Amino acid sequence: MKEAGESEVSVGIMDVPGTRLVLVLMRYHYPEGRKTPIIFKANDMSGARFVSLETENIEEAFAYISAQPDITLIHTDDDGHEYKVAQLSITRPFDFLCFDWEMEGNFDKKQEEAERISSRKFFHFIDKYGLQWEFMQEKKQL
């Protein structure tokens, strides 16, 4: 799918205090998508458009999901290469903004967070209802 290839995306990540829930909000700047929102009725098959789950074994999760019927792996390669688990690009402290201003002003903490972000592996797929899923694994620190 073209929209999963070269893109410019703003991503907001928030750990929900007191839970193991992490909210990830994404806004694509490029390539541009539809400018007019589609308003669904409450009883329409709609709602969430993207769900991200963290797993402890990304390769095992990928093998299981890719073997399921009625899913579409989001393919980012037009050269015919087989879709596989991907590694996030190197992230530097100036590539993102922390809404926790204390952390934003602490270069060492931002560097640590940048390294944590860069360690993530992931894959995406779309289920039969059109919902985009991401499975992600963070490299565990030794």
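In the predicted model, the largest nonpolar core consists of nine residues, namely Ile58, Ala61, Phe62, Ile65, Tyr83, Val85, Phe123, Phe125 and Phe135. At least two residues of this core are supplied by each of helix 1 (58–66) and strand 6 (121–126). Helix 1 accounts for the largest share, four residues. In soluble globular proteins, nonpolar side chains tend to be buried together.

The buried residues of helix 1 include Ile58, Ala61, Phe62 and Ile65. Viewed down the helix axis, the buried residues of helix 1 fall within an arc of 100° and therefore line one face of the helix. An α-helix has 3.6 residues a turn, so residues three or four places apart point the same way. Glu60 and Tyr64, on the other side of helix 1, are exposed. The cover over the buried residues of helix 1 includes strand 4 (72–73), strand 6 and strand 7 (132–137). At the N-terminal end, helix 1 is capped by Asn57, with a side-chain oxygen 3.3 Å from the backbone nitrogen of Glu59.

The relative accessible area of Glu113 is 18%, so the residue is classed as buried, the cut-off being under 20%. A polar contact of 2.7 Å joins the side chain of Glu113 to the side chain of Arg116. When neighbours within four places in sequence are left aside, Glu113 is in contact with Phe96 and Met103.

Terms used: Residues are numbered from 1 along each chain as its sequence is written. This is a predicted model: local features need pLDDT of at least 70, side-chain atom pairs count only at pLDDT 80 or more; totals for chains, interfaces and linings use all residues. Side-chain values use heavy atoms; hydrogens and water are left out. A nonpolar core is a set of buried Ala, Val, Leu, Ile, Met, Phe, Trp, Tyr and Cys residues joined through side-chain atoms within 4.5 Å. Buried means under 20% relative accessible area, exposed over 50%, partly exposed in between (1.4 Å probe, protein chains only). A polar contact is a pair of N or O atoms within 3.5 Å; within protein, one must be able to donate a hydrogen and the other to accept it, and residues adjacent in sequence count only if both atoms are side-chain atoms. Contact means heavy atoms within 4.5 Å. The arc is that of the directions from the helix axis to the C-beta atoms.
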